[in-house]
Structure formats: structure tokens, C-alpha cells
Amino acid sequence: MANFAVMSFTIYTRFAIVSLLMVASFCGLAQNLTLSGKVVDKDTSEPLVFASVSIKGKPIGTIANFLGEFDFHFPAEYRNDILVISMIGYENYEAPVWSVLNTSPLVITLNKSITLLQEVVVTDSLDGSEIFRIALSRIDQNYPMHPFILDGFYRDIKKVGGTSIALLEAAVKIYDENYAEPRNKNKLRERVRLVEVRKSLGYENKFNTYFDQKNLLEDLLLHNNIRYRIEGSEELFTNMIRENDSYYNGHEIYVVKYSGPFNLKVYIDKTDYAIIHLEHHVDHTGDNLLRKKNLVSRFIGQKKVIDFRKYDNKMYLNYISVTSIEKWYDEQTNELKFETELLQHLLINDVHPNPTKEISTTEKMRNYGLQYQDYPYNKEFWAQYNVIKETPLDKKITEDLEKVAPLEKQFEVE
């Protein structure tokens, strides 16, 4: 009987150990996987900048950098789902996640759309103005009219004379009630909670004062011309011209363009008139903007790209990229002193429709500069967070910034 008891205890112990190992294994699977690769044109091998990388039917995703490279962190439970890579003008790439996980180097080639290669003949009579007006009238149908939260990665880089002087990155949660047209288009409707912030020491640089000290993330969100509606004269709407149709995510799309004091190009899905991509570019105006220490700045140009992706039959923000350039002159002599450049990116990693809890007024970020809203540097967090992958351009930025100290050390300084 004693032997039986001992044997039973031994069997139970082994079973417990095996169970614990299985639980540990399961927990390991619950962690994130990372897929690294490069997206290029099949015929030319040119990198496809800002190609979208996602899991089919899931709300998470990232984008490729200026070299077409990406690091995509996602839950291990998605390993049996379908990886989707999409780009305007190209056919989608789709493959089971597990089939590419161990491929190194992973180079994904996209084929130009057969539709484009055949130069689609326009079979409808809609002109650019009509297409654009219909798209704007259907924002309430194509974009979320219910509360949602977006998980995002924000980055801004400040340059003086082509040299980077400051870097700030933040992980954020963005809450919005819906895409209803706001009464005040200059007042932020979204509530943003900062999750993590890291910055370089460049914010102590004397040139930093020549950049706007307000909350730049708030300013970037206000650039969403679909959320806050495109403002323009009747001349804008009546002079939108239709270009050759294109292709995206399995659908033919309209391409409409305006050229005037600024340039605007909009990509619109033919099936539901959802605006999926917008490019805006304005050149030198000569307007005086700011005055600092006997210097005055003049606006030189701004480039903006806004991109959306569909989830659960609604269009959600995918990324915003804005580059703004100013030149600073001596107010008395009109002599050019230096040029400042601000690069801003917001990448949306995940979408949470109908959240059970909104971001409260006590949780939301303050309306002053993010550089003053300090958070302890969390290295482990950033190692698993979807950011825009580093490129040689970023390495040049890093080299500029690390003239003071290694970035990791700078991030750790509170």
C-alpha cells in the first residue's frame, strides 16, 4: 500500500510538472512574434515605401520604411492566420504567417496590378469633381460612427540646417467618439493618453526654441482632413480632375487631383467611395510665421500623407506623415540665418472598436509640448512595440543626435 502511495505521488508529481511545462509553453505562445522583411516591386526590385503590413481580418498592422523594410510584432496566436501586404497600384501579397516566419532574409515581391498594366478604359462618366464630392458626402457611412481607440506610435524629428537636433517618440492611445463633422475644425476632438515617451537630449539645444512649443501630436491629429473635413473654396471642388484609375487591396480605385496654390491627390475606392489615401503638398508662400530673438520665420513648404485601412467594414487611420520646412531671417536685414525642418509620423498599430472604457479627462495628455511630459524610459516595452523600422536615413539622424551621448543613455535620462 505504501509503495502504491509512493508511486501515485510520483505519477502525480510528474503530471504536475508536465502540466506546468504545458502552461509555460502556452504562455510563451501567448507572447509576441516578430516578422522582419522587405517589400519590393517584382519587376524593378525597387522598395515599396509605406507598404501596409497586416494580418487578414485583424485590427493590427505596421508599415514599411523608406527602404521597404519592416519589423512586425504581433500575438503568437495569429501564426496560423494570413499575412497581407498591400500597396496602391499593386496586387496584394497573401500567405499563411507560419509559412514565412522562419524565412531569412524575407523579401516579398508585389506584382503591379494587371488592371493597371492593361490601362483600364474609363467606362463611367463621372468626373473628378463628382467623385470627390460623393466621397466626402459618404464619410459618415465609410468611417466609424461609434467610439473607438487606436494604439499608435508617434515620432517627431527636428532638424536645423539639415542636421538632426532632437528626437521624440511616444506610444499612445487615441480615443474618439466618431467621425461626425466637428463644429470647430481647429479644436481636437480625440483624447490621447500617453503610454510611453522617450526623447533625446536635443531638447536642451538652443535651436529647439525655434520650433513651435505646443503639443505637436495634437497638431498632427488636426491634419486629418477626413476627420476634420477638407476645407477649400468652390474652386477646389470644381477643379478636381480625374486621373487614370488605380488598384488597391483587390479593388479598382479612382484617382482625383487638384493643382493650384497647393497640390492635392486623393485615392477613392470605387465600390463604396471610401477615401483610402490622400497626398497634400504646398510650396513656398513667403508668409511670416514666428518671431524669435530678432529673427522671423517664413513658411517654405509642407508635405502631408494620410492613409487609411479597412477593418470591420469601416476605414480607420493607418498613418499620417507631415514634413514642414521654415527659413529664419534677420528681421532687420532680411539675411537668411538658417532653415528648420520638422518631420512627424503617426503609425496606428491596433484598432479597438466599441471600447468598454474611454480615456478620461484626467488620463489624457496635456496640451503643452510632449517633451515636458516626462515618463521613465522603458526599454523592454519599446523592444516589442511596432515602430517604423530604422533606415540609413534614421542612422544619419542617430549619428547627429549621438554626438552628445548614445541614444539609449539619452532616453534613460529623466
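## Strand pairing and the overall picture

Two strands are taken to pair if DSSP finds at least two bridges between them, and this sense of pairing is the one used for the sheets described in this report. The model is a predicted one, and its secondary structure comes to 10 helices and 19 strands.

Of the 414 residues in the protein, 47% are buried. When contacts between residues at least 6 apart in sequence are considered, 66% of them join residues at least 24 apart. The protein exposes about 20,900 Å², and carbon and sulfur atoms supply 51% of that area.

## Strand 19 and its partners

Strand 19 covers residues 336–353, and 13 of its 18 residues are buried, so this strand is largely enclosed by the rest of the structure. Strand 18, which spans residues 314–330, is joined to strand 19 by 11 bridges, and the two run antiparallel. Within this pairing, the bridge partner of Val322 is Gln344 in strand 19. The hairpin of strand 18 and strand 19 has five residues between the strands, and there Asn334 takes a positive phi near 65 degrees.

Strand 19 is also joined to strand 8, residues 148–160, by 13 bridges, again with the strands running antiparallel. In strand 19, the residue that stands opposite Gly152 is Ile348.

## Asn318, a buried polar residue

Asn318 is found in strand 18 and counts as buried because its relative accessibility is 0%, where the cut-off for buried is under 20%. The side chain of Asn318 makes a polar contact with the side chain of Arg309, at 3.2 Å.

Not counting residues up to four places away in sequence, Asn318 touches Ser52, Ile63, Asp307, Phe308, Arg309, Leu346, Leu347 and Ile348.

Four strands form an open sheet in the order 3-2-5-6, with antiparallel pairing. Strand 3 (61–63) and strand 6 (93–96) stand at the edges and have a single partner strand each, so one side of each is left without a neighbour in the sheet. Neighbouring strands of this sheet are turned against each other by 15 degrees on average, direction ignored. Strand 2, residues 52–55, pairs with strand 3 over three bridges in the antiparallel sense.

A further open sheet has three strands in the order 4-1-7, and its pairing is mixed. The edge strands here are strand 4 (69–75) and strand 7 (107–110), each of which pairs on one side only. In this sheet the twist averages 40 degrees from one strand to the next. Strand 1, residues 32–41, pairs with strand 4 in the antiparallel sense over seven bridges, and Lys38 has Glu69 in strand 4 as its bridge partner.

## Helix 4 and its buried face

Helix 4 runs over residues 128–137, and its buried residues are Gly128, Ser129, Ile131, Phe132, Ala135 and Leu136. Seen down the helix axis, these buried residues fall within an arc of 165 degrees, so they line one face of helix 4.

The buried residues of helix 4 pack against several elements, namely helix 5 (139–142), helix 7 (234–238), strand 11 (241–242), strand 13 (251–259), strand 14 (262–269) and strand 15 (275–282). At the start of helix 4, a side-chain oxygen of Asp127 reaches to within 3.2 Å of the backbone nitrogen of Ser129, and Ser129 is one of the buried residues of the helix.

Tyr375 is found in the loop between strand 19 and helix 8, the latter covering residues 379–383. Tyr375 is partly exposed, because its relative accessible area is 33%, and the partly exposed class lies between the cut-offs of under 20% for buried and over 50% for exposed.

Leaving aside neighbours within four places in sequence, Tyr375 is in contact with Leu194, Val195 and Val197. The C-alpha atoms of Tyr375 and Glu412 are separated by 9.8 Å, with the two residues 37 residues apart along the chain.

How values were computed:
Residues numbered from 1 in each chain as written. Predicted model: local features only at pLDDT ≥ 70, side-chain atom pairs only at ≥ 80, totals over all residues. Heavy atoms only, no water. Buried < 20%, exposed > 50% of the residue type's maximum accessible area, 1.4 Å probe, protein only. Contact = heavy atoms within 4.5 Å. Axes fitted to C-alpha atoms, helices over the stretch in contact; angles between N-to-C directions. Arc of directions from axis to C-beta. Polar contact = N/O pair within 3.5 Å; in protein donor to acceptor, adjacent residues only side chain to side chain. Areas by Shrake-Rupley, 256 points an atom, 1.4 Å probe, with all protein chains shown as cover.
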